Each structure stands twice: as structure tokens, then as C-alpha cells.
Amino acid sequence: MIATALAKRRADGPTGALPMISDTATTLPRRAIAARSVACGLPWRVRRFDPSAMAKLVVMAGPAYPAAMSVASPLPHTEPPHDCPRCPRLVDLRRDLRAEHPDWWNAPVHAFGDERAWLGIIGLAPGKHGANRTGRPFTGDYAGDLLFATLDKFGLSHGTYASRPDDGLALHGAVIVNAVRCLPPQNKPTPREIATCRPFLDRQIEALPDLRVLVALGRIAHDSVLRAFGEKLSDRKFAHGAEHRLSGRIVLVDSYHCSRYNTNTRRLTPEMFEAVFAQALAHRGPS
């Protein structure tokens, strides 16, 4: 069932290579060039007027985004390109943020975790000051504090989460992906944007051979998973803690999103969130 459904929604073209600063040096915002001058040990005044100094910057600076944010995907052949053009509204926001915050990731956020994961965690979309800034899902904002603390409690991570993509944290048996890979305005993707990004989710579900359980963080993630499996939404209503058996042996478990708003309003408590992962663990089966 899922293989047939996924085959109908393949994304066009191979994953593109990430651009280096040498590809875009002439179009970088002036503030971005100034920031990289400090990192490369080059005086801003010298580089601004000396072409040879600019050439040195290009060689030394490396990627056009901070190297520490270059988080390797466990599923690299399933990812959108760094400058994915599919959603014009999201592209416009990305362009604006690259000019305003040249030291941020500002690109589609890749999956993070274990390529042999039995548990897939499906989020909504990158947060502006979280994954869109750092380049790693749920890293840098409050939602990540709760999520990674919970994963640690259930033995699904190694290392210490420190809100940075270079903190050395690794997941074991789990992988995190978003239903929408790019930051949407006001954290609200349109139905068209969700549908346009779904082929990447389809690919990643299909690319996880050991997958047993999916945890959907919120209604949009829930609906995206059901559509990936060709299921009718009306037959499987979203509710915190609800379980849905999908085609084959995969179980979908629903959770309210671990956002600051949901936890501040007590719609979701740490205990409620942990209960969802206890449910997921119960469906793991033999390892």
C-alpha cells in the first residue's frame, strides 16, 4: 500500500549539492561578508576593497552557512535541495531571513537521527529561532528542551543536548523529521505547502527499513502521515494518545505538539508527553 502511494508522489530531480560561498560570493549581503571577515581573520576594510582578500575569504570561509550547522542527514538521498524552490512563499521568507540573519541555517531542515530507527517522530515545521536558525530539528527552542529530555529518559539518545547542532547529541533507534521542511510565516504552512513537501516525508518513511512506530506531534503531522499511507483522514481522528494501525506493521501514536504554548497552557504536560513515548515503546517489538 505505502510503496504504491509513495511511487505516485516522487519528488522531481536528485538532491542538490549545498552551495559553497564561492558560488554566491558576489551576492552575499554585506553584513554576511563582514561577519565572515572576522571568522577568517581578515580586516573588513581590507576585504572590502581588495579583490585578493576577497578571494582569500572565499577559500577560507567554506560553506555559505556556518559549518557547525551542517548537520548530516541519516537519509541524505531523500532530502530537498538546500535552495528548494517548490514553495514561493517559503522561498521569499528564506531569502529575507538570509539577508537579515546570514549566520543562520535558513534552508530546508534535514532529518536527524538513526538510519536504522524503529521510531519516527514527525514534527510540524522548523521554528524560526529553533531549527531554522540551527539547522537541526527541534534544536534551539523550548520544544526541543522537552523532546530531547524525553528521548534521553527513554534511552533513545546519547550525549547531552545543549541547544546547538554541534553539541554531540546522537539518537539511537529514533529519527526526527518534519512534515514541512522550511520555515513558514507565523509557523503556519498552507495546505498547498504541506502537500508540496509531502514527497520528502514519503521518501523518508519508505527509506526506514526497521520502522515500527510513528509519533505525530500535532494534527498537521498526523494528517501528513495518514496521507503518506493513503489512509482516509475521516477514519482516523487525531487525539492525544490515540493509536492507529497503518498498513503493514506500523503504528501511529498521536501527541499534542511539545510547543511552549501547549506546555504553558498545560494542554501538554511532561507526564502526558512521556506517556506517548511509553506507548510507542510498547509497540517496538523484538529488536
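Author: Gladly! Contact means heavy atoms within 4.5 Å. This is a predicted model, in which local features need pLDDT of at least 70 and side-chain atom pairs count only at pLDDT 80 or more, while totals for chains, interfaces and linings use all residues. Residues are numbered from 1 along each chain as its sequence is written, and side-chain values use heavy atoms, leaving out hydrogens and water.

Reader: Which residues of α9 meet α10?

Author: In α9, I194, R198, L201, D202 and I205 meet I220, S224, V225, R227 and A228 of α10. By class, this contact has 6 nonpolar, 1 polar and 3 charged residues.

Reader: What makes N132 count as buried?

Author: Its relative accessibility is 3%, and buried means under 20% relative accessible area, with a 1.4 Å probe and protein chains only. N132 therefore counts as buried. N132 lies in helix α7 (residues 131–134) and touches, among others more than four places away in sequence, W104, W105 and L183.

Reader: How do you know that β2 and β6 pair?

Author: Two strands pair if DSSP finds at least two bridges between them. Strand β2 (residues 119–123) is joined to strand β6 (residues 213–217) by 4 bridges, and the two run parallel. Within this pair, I121 stands opposite V215 in β6.

Terms used
Nonpolar A, V, L, I, M, F, W, Y, C, P; charged D, E, K, R; others polar. Buried < 20%, exposed > 50% of the residue type's maximum accessible area, 1.4 Å probe, protein only.
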